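Dear colleague,

Please look through it first, and then read my notes on what was found.

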Amino acid sequence: MSNTTSRVIPVILSGGSGSRLWPKSRKAYPKQLHSLYGDRTMLQHTCERVSHLDAPVVVCNEEQRFLVADQLLEAGIQNPTILLEPISRNTAPAIAVAALKVLKENSDAILVVLPADHKIGNEATFQQALDIAIAQATQNHIVTFGIKPTKPETGFGYIKAINAGENGAAIEKFVEKPNLTTAEQYLQSDEYFWNSGMFVFSAQSFIDQLKLYEPEIIDNCEKSLNQALNDLDFVRLEKNNFSHNKSISIDYALMERTEKAWCVPLDCDWNDLGSWRSFWESSDKDAQGNAIFGDVLQQNCENSLVCADEKLIAVLGLENIAVIDTDDALLVLNLEQSEGVKTVVEQLESSNREEYSQHRKVYRPWGSYDSVDIGDRFKVKRLTVKPGASLSLQMHHHRAEHWIVVSGTALVQKEDEELMLTENQSVYIPLGQKHRLSNPGKLPLQLIEVQSGAYLGEDDIVRYEDDFRRTVVKEIKQRKLV
């Protein structure tokens, strides 16, 4: 650590969708919440990277709030502040509201702003550069890390910082993604760095500088934060004022305009895992350049990526090809076309396909469900309920349900009746009947749910009571998601 006596607080940005890593990454379950390398999720890796600092501020959206909270708890992250963005407005407003939140209690705090979806191979080198950046931040520099380029990359923005030694240098200019010829010139010059998207600065300096260039953002974020609600473990930002922010990155809003911008060089085997090609590049490979994950048989393949989620995959004679399998979608692409995955996701969104936002297995604050079979007028789910957790007290207009306990103990409420069920026992919930499922035990409850009816959409739920403070209706006027 540096010699500063200021509190150093990580700000973890976990609001991205990671669309170029579809079908693994999806809107409701993006890449930072997946274990793409090691035995932790990317969010957990990022938080652990700065766990020696003060308790973090994590910015995420409402849909992912319980997943984020669960993963922080699992990683042993103590006393995090979780800010819920009511709507995505890019990085400048997200960082601004986090800085304002920190300043309410720590006027001299230093912020370490990290996206939740970066991979860093050399942690020791990162920590050394972080100490340097913190020291520079105490001198009122707005610091970013410049990644030393290893190839003429055309998919990243660049930073020009001349004579940037160990302690860094003032940033001369930012450059958008260059063409190949220009990128090759940058690589040879030793004056250019990849723009990492990681920052270190005094919270007050950041707010003062952003107020010069984007005062509306500060005004909107202050109003939103002042009207925020504490909701369980979350700080729910007020939507109206936050929505008035323009959608703008910290680079455009501040870094390309401030005279305080400073670059600290970083050479730590960094990767933003922004595409399947970058994922392949960062992965361990065999002698033929293949990165293989899961149950895969391969013959005569070169420089390819194969990810098997649940089933066996056999591949023959592939070259420079990625095969990405999940439980409900399969992607096959030339690794040179990795950027095009985003257009596939846009097509799925415009067609209102569930595969755009959800996996077959869906996580809820009480546990998860996996839709294992769907047909005409029926759906079969495998439910897992956490120990001590309960689903909402609810009712369905269009479907009946049959629950069969596979393992664990189920407490079932049917109107005013309560039933205790154990392994191999079952219960029928007629259409229109109020009901609730709880796990009173100390082990996960596993059960099979068979739905039958004319309409089996997830929005056929009227919720009356809920332990997780999701929307409750006292009168049946509208449908709400479970």
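Strand 19 (residues 321-325) and strand 20 pair in the antiparallel sense, with five bridges between them, and the two form a hairpin in which four residues lie between the strands. Within this pairing, Ala322 has Leu333 of strand 20 as its bridge partner. Please keep in mind throughout that this is a predicted model. Strand 20, which spans residues 330-334, has two faces: Leu331 and Leu333 make up the covered one, whereas Leu330, Val332 and Asn334 make up the uncovered one.

Inside the order, strand 25 (residues 399-407) pairs with strand 30 (residues 445-453) in the antiparallel sense over eight bridges, and the bridge partner of Ala400 in strand 30 is Ser452.

Turning to the interior, nonpolar side chains in soluble globular proteins tend to be buried together. The largest nonpolar core here has 67 residues, of which Leu130, Phe145, Met198, Val200 and Leu437 touch the most other members. Helix 4 (residues 123-137) gives the largest share of this core, namely seven residues. For Phe145, if its neighbours within four places in sequence are left aside, the residues in contact include Ala129, Leu130 and Ala133, as well as Trp194, Met198, Val200 and Leu266. There is also a second, separate core of 45 residues, and among its members are Val11, Leu13, Ala203 and Ile218.

Finally, a word on the cysteines: with a cut-off of 2.5 Å between sulfur atoms, the count of disulfides comes to zero. Cys47 is in no disulfide, and the nearest cysteine sulfur, which belongs to Cys60, is 11 Å away. Cys47 is buried, its relative accessible area being 4%. Cys221 is likewise in no disulfide, with the sulfur of Cys60 again the nearest cysteine sulfur, at 16 Å, and Cys221 is buried with a relative accessible area of 0%.

With best regards

Definitions and conventions: Residues numbered from 1 in each chain as written. Predicted model: local features only at pLDDT ≥ 70, side-chain atom pairs only at ≥ 80, totals over all residues. Heavy atoms only, no water. Core = buried A, V, L, I, M, F, W, Y, C linked by side-chain atoms within 4.5 Å. Buried < 20%, exposed > 50% of the residue type's maximum accessible area, 1.4 Å probe, protein only. Contact = heavy atoms within 4.5 Å. Pairing = 2+ DSSP bridges.
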